[in-house]
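Take a look at it first, and then read on.

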Amino acid sequence: MLRNALEPWHILVVVLVMVVLFGSRKLPDTARALGKSMRILKSEAKALKADDQPAAAGAAAGAAGAAAQPGSPADNPR
């Protein structure tokens, strides 16, 4: 049923409706703003992934290293 959901004539109809609704003057500005927003969103998502990966790896290594050291301050309560 949804095998051929998006055919070329569907895209043509959508473009035609957008031109009629928004006019040909505002469409380039709208497309430019949409592209800029998508680039910002993509770069922020990459930055979040890059921030999460080293922190998770460092926390796992730090927890394993602290447990492996028998003379650590956590083992000697006062």
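## About the model

This is a predicted model, in which local features need pLDDT of at least 70, side-chain atom pairs count only at pLDDT 80 or more, and totals for chains, interfaces and linings use all residues. Residues are numbered from 1 along each chain as its sequence is written, and side-chain values use heavy atoms, leaving out hydrogens and water.

## Fold and surface

The protein chain has one helix and zero strands (DSSP runs numbered from the N terminus: H or I of at least four residues for helices, E of at least two for strands). Helix 1 covers residues 8-68. Of the 78 residues in the chain, 3% are buried (under 20% relative accessible area; exposed is over 50%, partly exposed in between, with a 1.4 Å probe and protein chains only).

The chain's accessible surface is about 7,300 Å², with 67% belonging to carbon and sulfur atoms (Shrake-Rupley method, 1.4 Å probe; for residues, only the protein chains shown count as cover).

## A charged pair

There is one salt bridge (a side-chain nitrogen of Lys or Arg within 4 Å of a carboxyl oxygen of Asp or Glu). D29 pairs with R32, their closest N and O atoms lying 2.9 Å apart. These two residues are three apart in helix 1, so about one helical turn separates them. D29 is partly exposed at 48% relative accessible area, while R32 is exposed at 55%.
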